[in-house]
Amino acid sequence: MIKTSGWKKPDSMSIVFILFGSLMLLFIVAPPLKTVFSSSPGTLWNTLLEKEVYSSVLLTVSAALAATLIGLFLGVPLAYVLARHQFRGKRFVEAIIDVPIVIPHSAAGIALLFVFGSNFLFGKVLNGIGIGFFRAFAGVVIAMMFVSVPFLIDAAKDGFKAVDVRLEKVARTLGASAWKSFFQISLPLAWRSIFSGSVLMWARGLSEFGAIVIIAYSASFLGWNTKVLPVLIADRFDFGLDYARPVAAIAILISLITFIMLRSIAYRGEKA
Amino acid sequence: MIAIKNLKVNLGDFLLQNINLDIEPGEYFIVLGPTGAGKTVLLEAIAGLYPVLEGEVWIGDKEITHLSPEKREIGIVYQDQALFPHLSVEKNIAFGLRMRKCPKNEAKAKIDAIVEIAGISHLLKRSPATLSGGEKQKVALARALVTKPKVLLLDEPLSALDPETRERMQGELREIHRRIGLTVIHITHDFEEAIALGHRVAVLNDGCIAQIGTPGEFLRRPSSEFVARFALTRNILSGRVIGVEDGCTLVDIGGTKLRATTEANGEVQLSIRPEDILISKEPLQSTARNCFLGVVSNIADRGSVIYITVTVPPDFICIITRQALDELKLRNGMEVWITFKASAIHVF
């Protein structure tokens, strides 16, 4: 009698691929875990209580959130247009959206200064109404937004593309205006992709260094000259690894915990 | 009445043009055509979902050509139903009423009435993902009908269903149409579906209407070879009128002289429906004017019916039942007689 079971002996290719894959996972997981576990919980707590550190955490998290909200407000309509309409130059527009991913981020910081610096273009206008960017909270926000918004737009575009356009058409014949069709049908059906894109954008903004160090090395925040976490870590590293390590561990923990929580919300109820 | 006047729509590769239709109130109108003929775009243009280059669309005495879709009072049901996957069946059906700000009590009464007609009262709390194809189709119909549209557009609503469900749904569509008395424009590529449901049929080919008529007219008097082929008329022949004999027109088809009732002259094309040709082992004593001896050259078994090709020449395709096949004991190479009336020949 032949006994059958669900387990099947893996072939040689699967074994090699699993081995290589495991090495890759180890490469990704080992550095942050080592950093987190190299500091005791007490050290991490005491570091977090330092005003320079907790104000940095608050600045980083809130600026990334603000960048993501602005990205949602401006990026989702663009994603919808790209998903639903065919027009001359569409591929060019799609390429433009991904430009921030490919240019060096310190160069992006310089480029942003050219547009948002007090002597230039938008910067002059916005400075006129009291919104400054150089070494300011708004500067941190636009730097984060510039480098991370492609993740949101691309994810939202894919989400809208996956919504059958006939659902919107049926909604229109049932009495829904274009706005109602968007908010009642397209947006609820694409929300998971948009939310995932927002999480990615927020996380990418959180880790930005290059563009921020140019436009807002430190920003006035909570009555304190505050640096975002990546800049603070780099600054402390100048005084030695031991001084930088607890802040790096806090940054990793905050990013990972929030990222995992938000991802689990986005994928709740969805089978892998 | 819905009237479409000189409608012109850009389909990218070709134009849908010179579309003129007058559809009576309560009529079940079929638009028949092959895949890619522009049928869905025609429906969407009527619904205001596809831009119109030229022409007019009227419902009654109101021109709606440039009215937005939500103001046209036209319902649409697509082939794959397009149910809103994030809403329950009840919320799908209630969607149109909610968009039109129908009071709750009134909306409930309307939903109760339509789900009773569609026979889906037991499905209201279900998610669309859990429904069968037939159930989804009924929900999509109920959703379109609950707002009492002036015209209902059906885009190949039965194509995605299995044959048994399709046949049952045809009956249910007929019954729902009879009870509600709504004007329906139904598009399909299935000729038999068109014959089963339509009061009148328009055949669409290459962006133009090839013929409009009753199902009987399509069967007996196709206006072109394309329409004849689409109407499953298997015998389409080319010949030449060579004279008149005993009140019938003689048409020479490669040496075989057919007797037809036509006033056409010169080179002609003609069609004979396979079910109009009788097949027998001996010549039939009848009033039919065409009787020829031929040889069985092909037997194509289609399950419920069998197509027999008899070479006279030319080849004539006849249709017989399985019982007739058994009784006649037909086989390839066997000599048989074929008989058909002069009036069975349609010349175009």
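This is a predicted model: local features need pLDDT of at least 70, side-chain atom pairs count only at pLDDT 80 or more; totals for chains, interfaces and linings use all residues.
Residues are numbered from 1 along each chain as its sequence is written, while chains are lettered from A and ligands numbered from 1 in the order in which they are written. Local features need pLDDT of at least 70, side-chain atom pairs count only at pLDDT 80 or more, and totals for chains, interfaces and linings use all residues, with side-chain values resting on heavy atoms and leaving out hydrogens and water.

Chain A contains 13 helices and two strands, where helices (H or I, at least four residues) and strands (E, at least two) are DSSP runs numbered from the N terminus. Along the principal axes, the C-alpha atoms of chain A fill a box of roughly 65 × 60 × 30 Å. Of the 272 residues in this chain, 39% are buried, a term that stands for under 20% relative accessible area, with exposed meaning over 50% and partly exposed in between (1.4 Å probe, protein chains only). Among the contacts in chain A with a separation of 6 or more, 75% are between residues 24 or more positions apart, a contact being heavy atoms within 4.5 Å.

The largest nonpolar core has 83 residues, and those with the most contacts inside it are Phe160(A), Ile46(B), Phe84(B), Phe95(B), Leu153(B) and Ile185(B); such a core is a set of buried Ala, Val, Leu, Ile, Met, Phe, Trp, Tyr and Cys residues joined through side-chain atoms within 4.5 Å. Helix α8 (residues 137-161) of chain A supplies the largest share of this core, 13 residues. Apart from this core lies another, of 43 residues, including Ile30(B), Val77(B), Leu83(B) and Leu141(B).

In chain B, strand β19 (residues 335-340) runs antiparallel to strand β15 (residues 278-280), to which three bridges join it, and Leu278(B) stands opposite Thr339(B) in β19(B). Strand β16 (residues 290-301) of chain B also pairs with β19(B), in the antiparallel sense and over six bridges, pairing requiring that DSSP finds at least two bridges between two strands. Within β19(B), Val336(B) is the bridge partner of Gly294(B).

Leu237(B) lies in strand β11 (residues 235-245) of chain B, and this residue counts as buried because its relative accessibility is 10%. Not counting residues up to four places away in sequence, Leu237(B) touches several residues, among them Ile253(B), Leu258(B), Val268(B) and Phe316(B). Leu237(B) and Glu225(B) are 12 residues apart in sequence, and their C-alpha atoms are 9.3 Å apart in space.
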